[in-house]
Structures are given as C-alpha cells and as structure tokens.
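Subject: A structure for you to look through

Hi there,

Here is the structure I promised to pass on. Please open it next to this email and follow along as you read.

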Amino acid sequence: MEAIRSRTETHLQNVLSNKSEVRHIDPKHNLGDADLLHQIGYKQELNRHYSTLQMFGVAFSIMGLLPSIASVLAQGLESGPAGLVWGWFIACVFIFTVGCGMSFLGSAIPTSGGLYYYTNYYCPDSIRVPLSFLIGCSNSLGLIGGLCSISYGFAVEVLSAVAISKDGDFDITNAKNYGVFVACVITCVAISCSATKHAATLQTVSIIVNMFLIILFLIAVPVGVGKNYSFNDRAFIFGNFENARDWGTVWSVFISLQPAVWVIGSYDSVIHVSEESRNAQRAIPVGILGSITACWFMGWAIVIVCAASVKDGDVARVLATDTGSPMAQIIYDALGKKWAVAFMSLIAVGQYLMSISIAIAISRQIWSFARDDGLPIIYKWVKVIDPRIKVPVRATVFAGVASLILGLLVLINGSAGSNALFSLGICSNSLAFGMPIFLSLLPYGYKKFQPGPFYFGKVVSSFISAVAVGWCAFIIVLTMFPDMKLIDRDSMNYTVVINVGIWILSLIYYFTWGYKAYSGPKSNLDDEGSDLSSNPQIDVLLLDEKA
C-alpha cells in the first residue's frame, strides 16, 4: 500500500503541475460551439447535426414512455394501483430536481465527457482524479445497464405478442428472452455505427413514433374498457395499496418509485451528445427538462389508465399473467387478441428505437472517457474516430460486447437477473448524476462554478441541487434492496454485487495501474495550435488562465 500511495502522490504532483489538466472555463463569453469546446480543452471531432428538437428527442426516445412503462409496470403494481400512480408522480418531482442540477452543469460546460469531467473540474485536487475515474466507470456501467434493460424489455414485448397470438400456447423461457435480446443489441449497434446525421434524424422519427403510441393507447384502451367492462373507481386508483411483496407496505411503495426513475432516466444522454449539438448551452436544458416534464405528465396519465383498466380490480391476476407482461394483459382484456398483438408489436418497435438511441449515447460517453485515457486497458483502440464518417464506431462495438456479457444475467432462473438489469442502470447513474452536483455545492466547487445561460440564481439553484443530491443518495440505497426479505438465488438483488464490485474494482485498478494513463480530462488540442491562435477571444481566455 505504501508503494501505491507513493506512486499516487507522485502522479498527483505531476497532474497538479500541469495546469492544462484543470482549465478555467467561463461560459459567459459568447463563443461558438466549437470555440467553447476549445476553451473546455477539446478539438471538434464530431459533426454538429443535432438541433434543439433532436436533443430533446435523444432523451425522449431513450425514455420511450409507453414501451418503458410496459417493461416495468409489474414493479409498480406490486404495491397496488395507488402505489403505482402516486409512486410515479412523487418520483418525478425529485427527478426534475436532478434534471435541473444536471442542466446547470451542462449549460455551463457542454462536453461529451459530462459527468466525470464535471467531477474532475469541481472536485478538490487531492481526490479529483480517482473520483472522476470512478464516476466515468459508473456512468459507463449505468448506460450499458440501460441498453441491457431496454433490450430485455424489447425481448419481453416481442415474446408477449407471440404468446398472445398463440393463445398462451407458447413457453417464454430465459433462453428465448436472451436470444431476442442478443439480436436487438447487435442490430442496434450496427445502426448506431451509421453517420451522425442519420442518427440525428432518427431522433425525430422516434419522437413521432412514441407520441403516436401514447395517443393511441390513451384513446383505444379506455374505449375498449368502456365497451367490455367497467373502469375501476377513484378509490381503487388513488387509494388502494395492495402489497404483493413481503416487505411492509410503506417500503413496498418506496420500491415502486423505481419504475419512474428507470423510465425517466438516461437524460444525461443529452450531455453525451452535446459535442454534436448546435447551440449546445441552450439545447442541453431544453433536452433534459423538456423530456422529463413531457414524460412526467404523459406517463402519469398512462399509469392512471393502466390502474383504471385492471379488469375487475384483480391486480394479482394481471401480475401473474401468462403473457409475461402486465401491460399486454391489460391491453388484451380491453381490446382483445388482435389489438393486443398489434399494440405489443408497435410497443416493441418503440422499444427498439430506444435501444438505438441509448446505444448512441453510450458510445459517446465511452469514447470521451477513452479520449481522456480513462477506459481501462483498451482506451487507445476505443478512442479512434473514423475521419470519414466521424462516428465512434469502436466505442459503439465495445458497448455492444459489454452489454451482451452483462445480459447473461437474463439466463439466471427467476426474475432476479432481469430485475438486476433494470436497477443496475438506476444505481450506477444515480451516483454519476449526484456526485458532480454535490461537488458543485461544496466550497471548492462553488467558487469555480460559472453558470451558463440556464441558471435560477445562487439561492434557488443551490436548494434545487441539494434536494437532487439527497434524492440520488436515497435511490442508490433503494436499488440495493431485494424485492423479498427471504434472499435466495432467485430473489437476490445482483445490483449490489455488480455495482459495488465495479466501483471497488475501478478504484483498485486506478491505484495499481490506471493512474499511469489517466490523469483526468486532458486537452487534445496539441495538434491544433493554429486553430487556437486564429481566435483572438480564445487567446485572451488562455492568457487569463496562465496569469
């Protein structure tokens, strides 16, 4: 340990002596996107094709409201219809505060590295490098977990449609789920490797598809219920807490906060594609908060319709459905076999578009981390950008391979493995979301923080950020709990093992080997000195920094 400590201290001194590692950034200067990126310390390597609407579409399409709710509806209903409905609304209030905190940071420093860059920038020098390394690993793991859970949700929806079409005469096995999951991941990676311009256009298509699904569901299902049976009353929807877990009712309701957190998650993807956005400082807050707000209220309408449409108020029957999806059962009861198959097929299409969108976001996070020599071992290979199409193809492939390996959890008997895929993304990302916000509130970070165009003033913004940090800490603890008190192979929450294991291994790797390569975010402008000197405004900023 003494040897490790000595090497780390020596490395830290070298880092601190290199002032280019921690730059002074003033977002109030009216710089263009590429010029501001230069001030942050990076050259423009990706094409800027994303409009503000498409930035909204990145997050909104990853959230993929109706398909996402279909994937996690069971977890919400396990505390009863009231737990589902109120759990959604309450969680969204706090999710919005996290979105605000992240928008403050993203509006000030728009870079694909995002969360680990902010951690490094606002953290005291003594721990900024290892902590930013931990956040980079955690954020990458969370996004990979997101791709896994979304792709698994796609598999469940496809197989549910098949089960309904065969009148239940179809055995949904873990192996079949994994097979469809693999096909989804591989094809999404292939599509994500296409040129950025096409990927940006895909976000607009995804917005249209998702809005169509939401409107169709909110119209067709209530009409079907009205024709075939009666809606449940308000007391059932808003006041019936049926606990299907062996935890107490209150903690069961807390666990049912997770569906909203998972559905309205990965909004950091807007930051990860910020180096491909036009007018990024303003597009980031619109993308993050616009997508959260839209999903907050439209999602609340969807879960209310779901609770109102449970046939005969029999929640246990919906949870135990042979289709493998409570959403499929609700649609089947309301609209019949043909409509249910069609609906689940459309929902699967929406889920597939989500997988493509999050694969794009993951590749940008992994690429930016590799660009700073942070990705363990193979960073030199991953950070290469094809100069012809300007897309991080290798980072995308790496994300796909990692997802296929992590997705093997699906093969574990019972729901334990699949549940871990969903809570994994929540837990890892909550640490990555909360840490830079927390650091920006501490004295060292607070002095360095220079707000961008999106800011509510010191008092209000600090209060919102403090609430966001508390929520992230609570969610991390929440996702570590198993659904049942009695823990065995089938009920074990593998999120604890994977998340905590990766966090520990990340730090061990850094202090034994990673410190040799990773010294925090570093400039790659060395080969573009002429570009810097050609912009007098940047010259002034850099001279101020040296002074």
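How are H5 and H22 oriented to each other, and why? Keep in mind that this is a predicted model. Two packed helices are described by the angle between their axes and the distance between the axes. Helix H5 covers residues 80-108 and helix H22 covers residues 458-479; their axes come within 8 Å and cross at roughly 120°. An angle from 65 to 115 degrees would count as roughly perpendicular, and one over 145 as roughly antiparallel. H5 and H22 are therefore oblique to each other. Their crossing is left-handed.

You can find this contact residue by residue. On the H5 side, look for Ala 91, Phe 94, Ile 95, Thr 97, Val 98, Cys 100, Gly 101 and Phe 104. They meet Ser 461, Ile 464, Ser 465, Val 467, Ala 468, Trp 471 and Cys 472 in H22. Sorted by class, the contact of H5 with H22 has 11 nonpolar residues, 4 polar ones and no charged ones.

Next, the cavities. Searching the whole structure turns up 4 cavities of 30 Å³ or more.

The largest cavity holds about 230 Å³ of space. Its lining is made of 26 residues, and those nearest the centre are Val 261, Trp 262, Gly 265, Ser 266 and Ile 426. Several elements give two or more residues to this lining: helix H3 (52-63), H5, helix H7 (128-165), helix H12 (258-263), helix H17 (337-371), helix H20 (416-441) and H22. H20 provides the largest share, 5 residues. In the lining of the largest cavity, 17 residues are nonpolar, 9 are polar and none is charged.

The second largest cavity has a volume of about 100 Å³. Which residues line the second largest cavity? They are Gly 101, Phe 104, Leu 105, Ile 437, Ser 440, Leu 441, Tyr 446, Phe 449, Tyr 455, Ser 461, Ser 462 and Ser 465. H5, H20 and H22 are the elements that give two or more residues to this lining. Its residues divide into 7 nonpolar, 5 polar and no charged.

H7 gives the most, with 6 residues. The lining of this pocket has 17 nonpolar and 3 polar residues, with no charged ones.

H7 and H23 meet at an angle of about 140°, and their axes are 10 Å apart. That angle makes H7 oblique to H23, and their crossing is right-handed. In H7, the residues in contact are Val 129, Pro 130, Phe 133, Leu 134, Cys 137, Ser 138 and Leu 141. Their partners in H23 are Asn 499, Ile 502, Trp 503, Ser 506, Leu 507, Tyr 509, Tyr 510 and Phe 511. By class, 12 residues of this contact are nonpolar, 3 are polar and none is charged.

The last stop is H19 again, this time with another partner. How do H8 and H19 lie to each other? The axes of helix H8 (residues 174-192) and H19 come within 9 Å and cross at roughly 175°. H8 and H19 are therefore roughly antiparallel to each other. From H8, the contact uses Tyr 178, Phe 181, Val 182, Val 185, Ile 186, Val 189 and Ser 192. From H19, Thr 396, Val 397, Gly 400, Ser 403 and Leu 404 take part. The contact of H8 with H19 has 8 nonpolar and 4 polar residues, and no charged ones.

Enjoy exploring, and write back with any questions!

Best wishes

Definitions and conventions:
Residues are numbered from 1 along each chain as its sequence is written. This is a predicted model: local features need pLDDT of at least 70, side-chain atom pairs count only at pLDDT 80 or more; totals for chains, interfaces and linings use all residues. Side-chain values use heavy atoms; hydrogens and water are left out. Axes are lines fitted to C-alpha atoms, for helices over the stretch in contact, and angles run from 0 to 180 degrees between N-to-C directions. Helices (H or I, at least four residues) and strands (E, at least two) are DSSP runs, numbered from the N terminus. Angles under 35 degrees count as roughly parallel, over 145 as roughly antiparallel, 65 to 115 as roughly perpendicular and the rest as oblique. A crossing is left-handed if the near helix is turned anticlockwise from the far one by less than a right angle, and right-handed if clockwise. Contact means heavy atoms within 4.5 Å. Ala, Val, Leu, Ile, Met, Phe, Trp, Tyr, Cys and Pro count as nonpolar, Asp, Glu, Lys and Arg as charged, and the others, Gly among them, as polar. On a 1 Å grid over the protein atoms alone, a cavity is a set of points where a 1.4 Å probe fits but cannot get out, and a pocket is an open set with protein on both sides within 12 Å along at least five of seven lines; lining residues have an atom within 4 Å of a point. Grid points are joined across faces, edges and corners, and a volume is the space filled by probe spheres set on the points.
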